[in-house]
Amino acid sequence: MNHQKTFGVWMDTHHATVVGSENPGDENFAVLAHVEADALTANAERNANNQEQNIMAKFLKDIASHLTNATHIHVTGTGTAQEQFINYLADTAQFKNAKTEESTSTKMPDDKLVEYIAAKF
């Protein structure tokens with residue numbers, strides 16, 4: 001996979017860990033970032049759904065900001081957050097040509113996640 005920028009993301013609806021190589025073609029993966037979703041604030045019930053959508057949109061955008069020039073992204077985690085993120089990437093011009101894959105995995109320590117993502121590439 002020379003000259004490709006590959007990344008892995010473990011995520012749920014509240015936390016994401018971004019793994020990748022600093023340079024294209026570099027096979028040494030490392031944790032690049034931990035991203036946390038904002039918490040819901042005490043607000044009127046009628047605004048809760050809108051606030052949740054805004055928080056999720058910001059969370060996905062924050063994760064994507066660490067995937068500069070991505071050509072291949074493997075997304076893993078629990079629940080449906082990965083599917084939402086892959087759909088977000090597909091709808092974002094910057095990532096329309098990036099290849100995305102997904103799998104399901106439980107939370108793991110950073111070093112195990114780096115090994116897991118490296119094995120995917």
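Let me start with methionine 11, which, leaving aside residues up to four places away in sequence, touches Ala16, Phe59, Leu60, Ile63, Val75, Thr76, Gly77, Thr78, Ala81, Gln82 and Phe85. What we are looking at is a predicted model, with a mean pLDDT of 87 for the protein chain and 89% of its residues at 70 or more. Confidence is lowest in helix H1, residues 45-64, at a mean of 86, and highest in strand E2, residues 15-20, at 96.

Methionine 11 itself belongs to strand E1, residues 6-11, and it counts as buried because its relative accessibility is 0%. One of its contacts is Thr76, and although 65 residues separate methionine 11 from threonine 76 in sequence, their C-alpha atoms are 6.4 Å apart in space.

Let me turn now to the aromatic rings, where a search of the whole structure finds 2 aromatic pairs. Phenylalanine 29 and phenylalanine 121 form a stacked pair, with 5.7 Å from centre to centre and 15° between the planes. This pair links distant parts of the chain, since phenylalanine 29 is in the loop between E2 and strand E3 (30-36), while phenylalanine 121, 92 residues apart from it, is in the segment after helix H3 (110-120). Phenylalanine 29 is buried, at 14% relative accessible area, whereas phenylalanine 121, at 26%, is partly exposed.

Phenylalanine 85 and tyrosine 88 are also stacked, because their planes lie at 15°, with ring centres 6.4 Å apart. Both are in helix H2, residues 81-90, and being 3 residues apart they are separated by about one helical turn. Phenylalanine 85 is buried, at 0%, and tyrosine 88 is partly exposed, at 23%.

Finally, the charged end of lysine 107 sits over the ring of tryptophan 10, 4.8 Å from the ring's centre.

Terms used
Residues numbered from 1 in each chain as written. Predicted model: local features only at pLDDT ≥ 70, side-chain atom pairs only at ≥ 80, totals over all residues. Heavy atoms only, no water. pLDDT = per-residue confidence, 0-100. Helix = DSSP H or I, 4+ residues; strand = E, 2+ residues; numbered from the N terminus. Buried < 20%, exposed > 50% of the residue type's maximum accessible area, 1.4 Å probe, protein only. Contact = heavy atoms within 4.5 Å. Phe/Tyr/Trp six-rings, centres within 6.5 Å; stacked < 30°, edge-to-face > 60°. Lys NZ or Arg CZ within 6 Å of the ring centre and 35° of its normal.
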